[in-house]
Protein chains: 4
Amino acid sequence: MKKQRPKYKQIIEAAVEVIADNGYHASQVSKIAKKAGVADGTIYLYFKNKEDILISVFEEKMGQFIEQIVDSISNKNNANDKLLTLIEMHFRQLTADHHLAIVTQLELRQSNAELRQKINQILKPYLVVIDDIIAEGTEQGIFRDGLNVPLIRQMIFGTLDEIVTNWVMKEQKYDLAEQAPVVHAFITDGLSVKHKH
Amino acid sequence: MKKQRPKYKQIIEAAVEVIADNGYHASQVSKIAKKAGVADGTIYLYFKNKEDILISVFEEKMGQFIEQIVDSISNKNNANDKLLTLIEMHFRQLTADHHLAIVTQLELRQSNAELRQKINQILKPYLVVIDDIIAEGTEQGIFRDGLNVPLIRQMIFGTLDEIVTNWVMKEQKYDLAEQAPVVHAFITDGLSVKHKH
Amino acid sequence: MKKQRPKYKQIIEAAVEVIADNGYHASQVSKIAKKAGVADGTIYLYFKNKEDILISVFEEKMGQFIEQIVDSISNKNNANDKLLTLIEMHFRQLTADHHLAIVTQLELRQSNAELRQKINQILKPYLVVIDDIIAEGTEQGIFRDGLNVPLIRQMIFGTLDEIVTNWVMKEQKYDLAEQAPVVHAFITDGLSVKHKH
Amino acid sequence: MKKQRPKYKQIIEAAVEVIADNGYHASQVSKIAKKAGVADGTIYLYFKNKEDILISVFEEKMGQFIEQIVDSISNKNNANDKLLTLIEMHFRQLTADHHLAIVTQLELRQSNAELRQKINQILKPYLVVIDDIIAEGTEQGIFRDGLNVPLIRQMIFGTLDEIVTNWVMKEQKYDLAEQAPVVHAFITDGLSVKHKH
DNA sequence: AATGAATGAGGGTTCATTCAT
DNA sequence: AATGAATGAACCCTCATTCAT
């Protein structure tokens, strides 16, 4: 399996760095090869073409990203805690790997229609996680009934995404992770059942 | 003034269409010139370079976009109505001009770092409009005190932006404008002072 | 019309020379451009791709080649004289333009299946000229009846082609044109000793 | 001796097939290795480089080709019968091995100047066979005196070669071997009507 | 002001060959 | 002897921009 071989990971890591530093279009394959310490041609033993590198970067990194979040959520037992944890993990992981943050928030938007479809496919499991939390919250009676789940999910994801993008574009000058509780409060107070007398 | 001359607008309109139809990367200057009915060289009498066309497209279109929203808001007298109107107008305008929707939500994201900075500059007045509504709502006592305004604004903008992007990517198969009240409810219920006894 | 513009001919002439000197595969587009005194990109204003240069070279040169032969034949009034003239002209023209000789006899065989079809299309008028001479000779009673015309034509063309190829590969060290009468005699009379009464 | 080892023949046979199936330019060394059931590197234990494979293909196959013809001719006792037999065998062998026919008539022509020289070297014994028949025919008084032997040989070879090439390009839709007597008649007797008493 | 022919820099990809195992 | 992963040189073509008319 190609993905097990050491050079595969080498190239992926090199690609993330090179793309984060130079932007997708200024990231020549030869630059990635150099950073990875392999020959140009070697890239093509592991990836179909340049676009495939980008997809694979996202696939690998996003896979880990989602896995981490799912793991962290699994031992929380109500939707509120899960949502807070998701937000924290989302922010924390991108804080920890700023190359990845730049790639996901900025460079990946470079993509053409076809690539965008693939990225959305990869992103889907994450959106499902959010959907599940919403459904669970509703069952638990802590979120309203009758929510338009896809719409709410878009709003949650859009909120997180925009906040991270702003943070990346401001060159990560402030602490992203500490925003989590406020963001969570914004979202849940909108979702929560109101306690009236 | 160049911007007054008829060919300026012709080129801007052609650029929006060409980009929406072909995608950012397949939008050569010569294609825009052809659609605009001018010679390739003529483009450079009106625009410094290709990037300048794109910035100008966004400038012109976003200027009108914001102006429309400001106009519509001006005769509302509370932050809640203003916010609802802003959301409605945001959705309605992009619904009405689907070329513009594609360009702003998908194609223009594919630009390089520098262009992205400029686009954000142009977007600023819109963000100020949102900031003003938040401030006004707080003053009027209908939004909470002590809000982190830039953060809230990011959440609002991120919410709208993600919803429109999803709608564009689903090829505008449903009615975007009718989502406005639900979106507004999500946002304001989060923001609103809770009425406890 | 592109073919009328001076650069078109410049490029064609440069291509013939460069291909004759270096062989088709060592004939980089940039080399042809340099010899023609134009920029690399200019080539692509006149030709679709590298293969198109080759086809056009053959088209142009072969067009003239055939035209010359047809002209020379037209004022001969029997098939024998026509055939002799065709052979003479075939040899004489390739003798006069040794770059062309190299390209047609050696480099053009480089072609892939698709290109070969196109070359055959271009060659067709020449083969028709040969067919006509055979038919005329038969009508005039100087060639046998019941000839398999396509086969005879292949034999005639193959004969001329092989002789020229040998001459090119021997680096044109002897006089090709002076072979014409012997070749003509072989074609018309064959190898055998004649039995006359 | 390398040529005795089993993989040598395997690679040669694979090369003929791969070239016939894919064309000269799409015949990568790795494809030949795969078809031969050996590793890429193994090729270089038997052949100096890619060109050496091609030369060896031609050498091996042409060696057999000529041997067959020489054998068949040896028990004929006049030049006319020998010539007819040569033509028949030439046609028959290429009919029997259509991969070889494609390779010799089409694909191998696409080679570079140097390779072509070597191929001609290999072809030489065949040309000598033809020369010998011509000389014998003259001695026997059945061919004319004073023939320009190399020229006549070129005409004979060119005739056969062109006929086979046409047949290959027409995708071998008709029976090549049955043309032999007509071709022989053309060569020996020419086009002209014979004047017998 | 307008044209559009000409420019030429730049990069993704292929594939014959090598060499450590 | 055999493998096959790794190498890296080589080249066609695109397209933003210029400039003579």
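This briefing describes the protein–DNA contacts and the chain–chain interfaces of the structure above.

The model is predicted: local features need pLDDT of at least 70, side-chain atom pairs count only at pLDDT 80 or more, and totals for chains, interfaces and linings use all residues. Residues are numbered from 1 along each chain as its sequence is written, chains are lettered from A and ligands numbered from 1 in the order in which they are written, and side-chain values use heavy atoms, with hydrogens and water left out. DNA strand E is surrounded by 30 residues, and DNA strand F is likewise surrounded by 30 residues. Chain A is in contact with chain B, and chain D with chain C.

**DNA strand E**

- The closest of the 30 surrounding residues are Tyr44(A), Arg5(B), Thr42(B), Thr42(C) and Tyr46(C); a residue counts as near a strand if one of its heavy atoms lies within 4 Å of it.
- Sugar or phosphate holds 71% of the atoms of DNA strand E within 4 Å of the protein, and bases hold the rest.
- Phosphate oxygens of DNA strand E lie 2.8 Å from a backbone N or O atom of Val29(A) and 3.1 Å from a backbone N or O atom of Ala39(B).
- A base nitrogen of DNA strand E lies 3.1 Å from a polar backbone atom of Gly41(C).
- The elements giving two or more residues to this surface are α3 (40-46) of chain A, α3 (40-46) of chain B, α3 (40-46) of chain C and α3 (40-46) of chain D; helices are DSSP runs (H or I, at least four residues) numbered from the N terminus.
- By class, the surface near DNA strand E has twelve nonpolar, ten polar and eight charged residues. Here Ala, Val, Leu, Ile, Met, Phe, Trp, Tyr, Cys and Pro count as nonpolar, Asp, Glu, Lys and Arg as charged, and the others, Gly among them, as polar.

**DNA strand F**

- The closest of the 30 residues around DNA strand F are Thr42(A), Tyr46(A), Tyr44(C), Arg5(D) and Thr42(D).
- Of the atoms of DNA strand F that come within 4 Å of the protein, sugar and phosphate account for 70%.
- An N or O atom in the side chain of Tyr46(A) is 2.6 Å from a phosphate oxygen of DNA strand F.
- The largest share of the surface near DNA strand F, five residues, comes from α3(D).
- The surface near DNA strand F divides into twelve nonpolar, ten polar and eight charged residues.

**Interface of chain A and chain B**

- Contact (heavy atoms within 4.5 Å) joins 34 residues of chain A to 34 residues of chain B.
- About 3000 Å² is buried between the two chains, 61% of it given by carbon and sulfur atoms; buried area is the accessible area (1.4 Å probe) that two parts lose on being put together, summed over both.
- Within chain A, Gln154(A), Met155(A) and Phe186(A) lose the most area to chain B, together 22% of what that side buries.
- Four salt bridges cross this interface, a salt bridge being a side-chain nitrogen of Lys or Arg within 4 Å of a carboxyl oxygen of Asp or Glu.
- Asp189(A) forms a salt bridge with Arg144(B), with the closest N and O atoms 2.6 Å apart.
- The side of chain A that touches chain B draws two or more residues from each of α7 (113-139), α8 (149-169) and α9 (180-191) of chain A, and α8(A) gives the largest share, eleven residues.

**Interface of chain D and chain C**

- Here 42 residues of chain D are in contact with 43 residues of chain C.
- The buried area is about 4000 Å², of which carbon and sulfur atoms give 58%.
- Two salt bridges are found across this interface; Arg116(D) forms a salt bridge with Glu107(C), the closest N and O atoms being 3.5 Å apart.
- On the side of chain D that touches chain C, α8(D) provides the largest share, twelve residues.
- By class, that side of chain D has 18 nonpolar, 17 polar and seven charged residues.

**Relations between the copies**

- Chain D superposes on chain C by a rotation of 178 degrees with 0.0 Å of shift along its axis (RMSD 0.4 Å), which is the relation of a two-fold axis.
- Superposition is by least squares on the C-alpha atoms of residues with pLDDT of at least 70 in both copies.
- Chains D and C meet through the same surface, because 98% of the interface residues of chain D are also interface residues in chain C.

How values were computed: Polar contact = N/O pair within 3.5 Å; in protein donor to acceptor, adjacent residues only side chain to side chain.
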